[in-house]
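Here is a short note for a colleague opening this model for the first time. Please read the points with the structure in view.

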Amino acid sequence: MFVDIHFSLGAGMEEVDVWRGAGPRRLLGREVHCQSLTSVLWFSAARIYFEAYQHGTLKLQMLGDIDALLRLHAEDIDWPELLAVAGKYGFSAAIFYVLEQVRRLFDAPVPLKVLALLMPDQQGRPDEADFGDIVPKLLSRTVISDLQLA
């Protein structure tokens with residue numbers, strides 16, 4: 001079992017936004033206090049995006065985690081809350097690129113209306129945290145090749 005513990009989720013992020021809707025859940029026969037499914041979704045999507053682009057670390061299994069969360073609990077996601085948090089902290093583009101690719105790759109149940117509201121404005125100036133689609137970053141690998149001069 002993988003347990004992800006965080007003491008600081010991001011500079012300027014309010015605890016009330018991180019823990020809204022948190023409560024007890026049964027895991028492996030024990031009751032534990034967990035984030036809401038909505039918070040887990042927006043946090044996981046933002047994390048995979050920013051880890052890929054800002055830290056160069058990427059866990060592909062996180063796309064699968066997001067897909068599984070949506071397949072099992074899409075009806076429990078508070079989409080207006082997700083939109084509000086993404087807008088408040090300026091990571092709508094990050095959430096859009098991850099959710100759109102999970103929808104395309106795995107046919108995950110993401111409401112098209114939500115994607116339309118998250119989608120970056122293609123005509124305007126990009127947000128400073130908009131690094132573009134995540135798939136090219138997922139597939140790119142820096143490799144050093146041997147070179148022999150003739």
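1. Ser44 is in contact with Met62 and Ile66, leaving aside its neighbours within four places in sequence; contact means heavy atoms within 4.5 Å. Ser44 sits in helix H2. Is Ser44 buried or exposed? Ser44 is buried, with a relative accessible area of 18%. Buried means under 20% relative accessible area, exposed over 50%, and partly exposed in between (1.4 Å probe, protein chains only).

2. A word on the basis. This is a predicted model, where local features need pLDDT of at least 70 and side-chain atom pairs count only at pLDDT 80 or more, while totals for chains, interfaces and linings use all residues. Residues are numbered from 1 along each chain as its sequence is written, and side-chain values use heavy atoms, with hydrogens and water left out.

3. Helix H2 has 19 residues. From its first C-alpha to its last, H2 reaches 25 Å, close to the 27 Å expected at 1.5 Å a residue; the expected span is 1.5 Å times one less than the number of residues. H2 is mostly covered, with 15 of its 19 residues buried. Just after H2, Gly56 takes a positive phi of about 70°. Helices (H or I, at least four residues) and strands (E, at least two) are DSSP runs, numbered from the N terminus.

4. Next, the core. The largest nonpolar core holds 39 residues, and Phe91, Ile95 and Leu99 touch the most other members. Helices H2 (37-55), H3 (61-73), H4 (79-89), H5 (92-106) and H6 (112-118) each give two or more residues to this core. H2 gives the most, with 10 residues. Such a core is a set of buried Ala, Val, Leu, Ile, Met, Phe, Trp, Tyr and Cys residues joined through side-chain atoms within 4.5 Å.

5. Which residues does Leu99 contact, leaving aside its neighbours within four places in sequence? They are Leu41, Ile66, Leu70, Trp79, Val110, Leu115 and Leu118.

6. Leu28 lies in the loop between strand S1 (23-27) and strand S2 (30-34). Leu28 is exposed, at 71% relative accessible area.

7. Ala22 is in the loop between helix H1 (15-19) and S1. At 24% relative accessibility, Ala22 is partly exposed. Leaving aside its neighbours within four places in sequence, Ala22 is in contact with His33, Cys34, Gln35 and Ser36. The C-alpha atoms of Ala22 and Val40 are separated by 9.9 Å, with the two residues 18 apart along the chain.
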